[in-house]
Amino acid sequence: MEYLFKSWDRVEKKIGRNNLFIFLDFDGTLAPIALTPKKAVLPKEVKQLLERMSENPRVRLAFISGRRLEDLKSKVGIKNAIYSGNHGLELSGPKIKFKPALPVRYQMIIGRIKRELDRKTFCIRGVLVEDKGLTLSLHYRLVKSRDIAGLKKIFQETAAPYLVNSKIKVQPGKRVIEVRPPVEWDKGRVVLWLLEKNFFASKNAGVMPIYIGDDVIDEDAFRVIKNKGLAIFVGKPKKSYARYYLKDHNEVRNFLERILVRYHGRISEGKRAV
Ligand SMILES: [Mg+2]
């Protein structure tokens, strides 16, 4: 992996005069990871940056997260943008109509797993079972480390009967395990689906996709982006489909500032893009 700011000259050349389609994960990428999903906040300066970017006809923003669509929209709060919740299963934005086909009994199964997990994990402190409509998240960031193995065992036992006949899929993330529908659809496919639509007024320039994310689940998107544009991982460099990395959400903000300066001119006096 290359540190993006170290390769900045090359990256700038690559960006050139293209229109930019910027895909952004939320938690851990734009907003610092919080103790509970509710507590996560988009920093004010980042929101201002994104707002200004969203006004540029040569930049398109798409927010892609594991959160529920409505939850993600209210956390980000930018008007002129595309939003995708539940890791791509929900999608909304200008000129977008989208509904994934889910197995008939899937939603009922999710409800059943939720009730069972609520009951079985009742005694473990810090567990959060989040019903996100199309998916279910078992958060354990606040669970004591000595309880985690037991919690995972409970989860495996609960999920096993549905996993055997592929009624659900299971996906681990950062201090979270998720139950998802058994469909071939992920962040990568959403990115491709969106790239096929033409959202740009000016047809003269090419479109350069940029995807920034911090979790294993973002790898699906890195994989489809890596040869087309910039795949940027947020965190300590590791084995990944992403070619570049940034250290944390502060550096993501810095990257967005640099892009804004390129596409908009100087941001404002005294607020230097480092
Ligand atoms: Mg994330």
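Before you start selecting, note that the model is predicted: local features need pLDDT of at least 70, side-chain atom pairs count only at pLDDT 80 or more, and totals for chains, interfaces and linings use all residues. Numbering runs from 1 along each chain as its sequence is written.

**Stop 1: α4 and α5**

Select residues 106–120 for helix α4 and 145–164 for helix α5; helices here are DSSP runs (H or I, at least four residues), and strands are E runs of at least two, numbered from the N terminus. Their axes are 10 Å apart and the packing angle is about 155 degrees, with axes fitted to C-alpha atoms over the stretch in contact and angles running from 0 to 180 degrees between N-to-C directions. The two are therefore roughly antiparallel (angles over 145 degrees; under 35 is roughly parallel, 65 to 115 roughly perpendicular, the rest oblique). Now show I109, I113, E116, L117 and K120 of α4, which meet I154, T158, A159 and Y162 of α5 (contact: C-beta atoms, placed from the backbone, within 7 Å). By class, that contact has six nonpolar, one polar and two charged residues (Ala, Val, Leu, Ile, Met, Phe, Trp, Tyr, Cys and Pro are nonpolar, Asp, Glu, Lys and Arg charged, the others, Gly among them, polar).

**Stop 2: α2 and α8**

Next, pick residues 44–54 (α2) and 249–264 (α8), which pack at about 30 degrees with axes 10 Å apart. These helices are therefore roughly parallel. On α2, E45, V46, L49, R52 and M53 make the contact, and on α8 it is R253, L256, E257, L260 and H264. This contact has five nonpolar, one polar and four charged residues.

**Stop 3: the cores**

Color F23, L61, F63, Y211 and I232: they have the most contacts inside the largest nonpolar core, which has 49 residues. Such a core is a set of buried Ala, Val, Leu, Ile, Met, Phe, Trp, Tyr and Cys residues joined through C-beta atoms within 7 Å; buried means 20 or more other C-beta atoms within 10 Å, exposed 12 or fewer, partly exposed in between. Center on Y211 and you will find F23, V191, A221, F222, I225, A231 and I232 touching it, leaving out residues up to four places away in sequence. Another core, of 13 residues, lies apart from the largest one and includes I113, L138, A159 and Y162.

**Stop 4: two loop residues**

Most residues other than glycine have a negative phi. K95, though not a glycine, has a positive phi of about 65 degrees. Find K95 in the loop between β5 (90–92) and α4. K95 is exposed, with 8 other C-beta atoms within 10 Å. Finish at S166, whose phi is also positive, near 55 degrees, in the loop between α5 and β8 (169–173).

Terms used
Contact = placed C-beta atoms within 7 Å.
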